[in-house]
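User: Please take a close look at one part of this model for me. I'd like a connected account, with the cut-offs behind each term spelled out.

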Amino acid sequence: MIGERWINLAVPLALLAVPLYALMADEPFTITLATRATILALAAVGLNIALGIGGLVSLGHAVFFGLGGYAMGILAFHAQNYSPLEIGPLTFAGTKSMPVIWLVAVIVSAMAALLIGALSLRTSGVYFIMITLAFGQMFYYFAISWSAYGGEDGLSIYVRNGFPGLNTLVPIQFFAVCFVVLCLALALNAMLRASPFGLALNAARQVPQRVETVGLNPMRLKLMAFVISGAITGLAGALFADLNRFVSPSMFSWQLSGELIILIVIGGVGRLMGPVVGACLFVALEHWLGGLTDFWHVWLGVVLLGIVLFARGGVVGLLTGKAGPHV
Amino acid sequence: MSLVLIAEQVLNGLQFGVMLFLMAAGLTLIFGVMGLINLAHGSLYMVGAFAAAAVAGATGSFLLALVAALAAAALAGAIVEMVVIRRLYAAPHLDQVLATFALILIFSEGTRWVFGSFPLYLDIPDWLSGPVTLPGGIAYPLYRLALIGVGLAVAAGLWWLTARTRLGIQIRAGENDREMVAALGVDISRLYTLVFALGAGLAGLAGALVGAIQSVQVGMGEPVLILAFVVIVIGGIGSIKGAFIGALLVGLTDTLGGIFLPELFKLFMEPGAATQTGSALASMAIYILMSLVLVWRPSGLFGARA
Amino acid sequence: MSEPILATHALCKSFGALTATDDVSIDLRAGEIHAIIGPNGAGKSTLIAQICGALAPDAGTVELLGRDVTGLSTQARAQAGLARTFQISALAMEDTVLDNALLGALGAAGNPWRLWGRVSRDAALRDRAMAALDRVGLADHAGTRTADLSHGQRRQLEVAVALTLAPRAFVMDEPMAGLGAEGSRVMTGFLDGLRQEAPILLVEHDMDAVFALADRISVLVYGQVIATGTVDEIRADPAVRAAYLGEEA
Amino acid sequence: MKKTLLATAALILAAGAAMAEVKVGMITTLSGGGAGLGIDVRDGFMLAVKQSGRDDIDVVIEDDQQKPDIAVQLADKMIQSEKVDVLTGIIWSNLAMAVVPAAVAQGKFYLSPNAGPSALAGAGCHPNYFNVAWQNDNLHEAAGAYANTAGHKNTFILAPNYPAGQDALTGFKRFFKGDLAGEIYTQLGQTDYAAEIAQIRASGADSVFFFLPGGMGISFLKQYADSGVGLPVVGPAFSFDQGILQAVGDAALGVVNTSQWSKDIDNPTNKAFVETFQAEYGRLPSLYASQGFDTANLLISALDKAAPSDADAFRAALEAADFSSTRGAFRFGPNHHPIQTIYAREVIKEGDVFTNKIIGVALEDHADAYAAECKM
């Protein structure tokens, strides 16, 4: 058995090693794949705060992923067309600067998470799963019908947005940006777990009645977790849009919410590195199985079933020999 | 807008709702008795439709096709229950969501493997095709009337089953207390398989009935699945009565919203934009309805209080 | 006589046709242990739930330190100085013993919103948590996973979490439940000393403990208080003997 | 002398082009509900490659699962890792919008076998982008023109509420001269059209135009036939294509639809295509298969003249469109979209098989409405 601390160190190093190797072997597509895994991991790291620590099974996290994506899409769309963005009486200029886009993505998704969380947290269990799904569907259908920004067709951004001092069009440089963001999110996650808030949230998942009797409000703790979680997933959405230079309503789809949960469960619910391991495996599986057969979804399904039935605690759980937190 | 048209649209909403009920009843029954969230319920709907299309193609008989749909879906349900689902009853919701999501992948692509990528043919039998004229001069398709009839009959049948039969007593006892049922000497795992197969059979029947007027294709179960979940959540998970009321509510909201919302927006917007905005809002209407219901009653209309 | 710390006035609660709490008025005064006894199904748990705010009464009021708290949430009552222990241990089983105590300390500090800094390195919180663990004899187990504790140790941890709050009144739901003779003896000794810090409303089935500890006893039968008095008064009360102790009057 | 030298050089270049391996990346939908279309495009394309007898064309095929992000990822892979020269295969407009602008900006050629979003035909056109199928509006415009000739005066139109649906209604209205009895947008993926059919019945229309691709069209047609409304229906070929026609069955009989291709277009290329496709794959070819087939033949005709590495020459070779199309005459307009004849077809039953028969020409030598906005 391996200590979780070693995994926490080894996984990011491995994720870093793959594109570095690809750079030397001149396989730029592998770098793109690693970037995709990194961004999906970031989204799942966000979800894992709500899911793994807070116990909130959100089947609507695609909302935040999509909002982040559209924040990027809309700002860059106005910048590339040199048209102003008008919200009511206010007029903004579009932008192609990643830091500004990130800030907007984080703020917008945090606000959405606050609203959705405040309404959804009135329910629990299956109802919570379903009401978050309902919000996801609302955003999905809204985006499809919103023809000003492409509707179902989505929005294409022809050139990747810029980051001061970098050429983000070079795959390895964009990977580096995403990797650093992921590491920061992981550090935030680790810090959160050990903090007073993390302790209280962790207890709110396991014994909400206890948390109440020591004078704390478990709902508010969970809401805060939901907001932080949504904000990180939103940031991932903005990066994902930049990776593809494209946003579309499919970023809001319930299948995407489901995939984010899948990533976490494959890796290990509530584990710091669970989402990262899960995202890497998922992208690798997708790539490898997809090349093997047209019907690769069948085998993906079989692998997933195997993990749920026989590897509780996910891959990290298998490696450390410890079951994960109970959600 | 004439009264006749409104009456026809209400009938359409009812018919849609009644079909949703066939899906939702199984889903809510399975949740009520076993506490299981079954995302793969839509796959069983698809299995029913494909079985019906295959049998109708081979024999030309619509009734045989319906029987085949029921049987195939129930059988698929029973097998899935015994091989996979059985291991999930004690598992947290998260694992259930995931495992049944995996089953969707397997069912969908497996079906495509067997039947190919093109939609299958399944049509209304001659003796049910064409419109009939109802009182008030409404010309309404006979088949859709038949659907309403079948749906109501199934609803009545389910009520009778749960309220009046030995199996029903076991089901209701199972909802309340598993150990109690086991202590009464009922073979609990057989009961679960039976309930799962019953729910699956209903989904398969719905798939076949609807498949005759829609397209029998891979992935047809997923949109219906989401709607069925909306229905049971609105009605209160585990409640057959709730599923029935919820199904009608969703059916009517979806159908009437699609017609009246664009008209409503035309009162103060130019027609093109009104149609688009109205349609957009109509497609979100049932989800808005669902979140309103849940914010008002967090356990649905007829759900047990948490 | 001093002002009661905690009191209920004519509390009523029914579930459909079942009346679980019927016009219950009891009080808890400084320095005392007031035990509530009664047969199973007498409504003790329902009463506690209303006192602590988990359940809203149909009628009547709950007063804490002279203030009407009937409309307040559980957490507001906790902040006002009410600490509760659960009949079935409500502890974060996946976390360490210290973590559970830290949760109490965090509740006492009233601010769980700090997102940075290791909670276990916060001296103030840690000292408070360790002091409580020390008092119930769990200091050596601070690093143990709660799920690995024995049943008796979990009962002690329940009390320790309540202690971290430094409350004005305790409500304890069967703290002796499942403890052996030795465990009960230790817990009895501990509670005996605790009453000077804050009075205890004690729901308990262990009659030896109740008779050893209680300053006053209230007997709850079918949701009604049929008698309140000292140990001797209750022992002698014919109604209690009839209804509860099952003896002929 | 100089002239001869140049000609010789061109010959050598051409010969060199014929020798060098050409890599073609095909991104298309091979799994999920829309897989039928992608499979047809792929099969048609590969049939043409096979018939050309050339073994120097290396086609890399990948499944986009009908997801834009996957398509973009595959395009990156093909450009960065496979180093393809030409991309093709995308079925859906939204996927094309995600992939094409970036791919052509990186100097790759893209040949569209199906999707033709207006953005890529107008202001967003590009010298390296060629559409071998149609601009999205074309078949709808033809449907509008046909409705005029058929004498429809008051028609009811409907399409899903998404950009291609909005384009469809715009395209129809651009050519239709009669009145509109009603105009509705349905939900994307909607399966029940009872409410819309009731509105059609109540509207007093004399005809119906609809654009509902895939399963939506099957559902609509079955329900429409059963409703007994019975008004004449016009639509683009997408709902009457060989792949799904069998699933619609009798409900489609007699419906008129517009298409730039039909299996009974009378020319030797088409006859041979229909026969060999059937022999190779055991089913009748569809519209999509013909488009895949034409795309491959266009590519091969250009490869005979120049290598993609010589971008200008290769582009000129593509522009010439010097290949024999299943549609007969075929040429590109200034925005690299086809100028072609669009037919009106009627659904008939041949033995047990439902198929289409040409009943007339809807629009002759039709170009798209966006060509003027294209500056290249």
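This is a predicted model: local features need pLDDT of at least 70, side-chain atom pairs count only at pLDDT 80 or more; totals for chains, interfaces and linings use all residues.

Analyst: Happy to! Let's start with Asp140(C), which is exposed because 10 other C-beta atoms lie within 10 Å of its own.

Residues are numbered from 1 along each chain as its sequence is written, and chains are lettered from A and ligands numbered from 1 in the order in which they are written.

Asp140(C) sits in the loop that links helix 4 (123–136) to helix 5 (151–164) of chain C. Helices here are DSSP runs of H or I with at least four residues, and strands are runs of E with at least two, numbered from the N terminus. Between the C-alpha atoms of Asp140(C) and Asp173(C), 33 residues apart along the chain, the separation is 26 Å.

Stepping back, chain C has nine helices and 11 strands. Its radius of gyration is 18 Å, close to the 18 Å from the globule rule for 249 residues, so chain C is as compact as a globular protein of that length. That radius is taken over C-alpha atoms, and the rule is 2.2 Å times the number of residues to the power 0.38. Of the 249 residues in chain C, 48% are buried.

Where they meet, nine residues of domain 1 are in contact with 10 residues of domain 2, contact meaning C-beta atoms, placed from the backbone, within 7 Å. On the domain 1 side, helix 6 (181–194) of chain C gives the most, with three residues.

Chain C also meets a neighbour: 29 of its residues are in contact with 22 residues of chain A. Helix 2 (74–79) and helix 3 (97–109) of chain C each give two or more residues to that side, and the largest share, six residues, comes from helix 3. Helix 2 of chain C also supplies at least two residues to the side of domain 1 that touches domain 2.

Notes. A residue is buried if 20 or more other C-beta atoms lie within 10 Å of its own, exposed if 12 or fewer, and partly exposed in between; C-beta atoms are placed from the backbone. Two residues are in contact if their C-beta atoms, placed from the backbone, lie within 7 Å.
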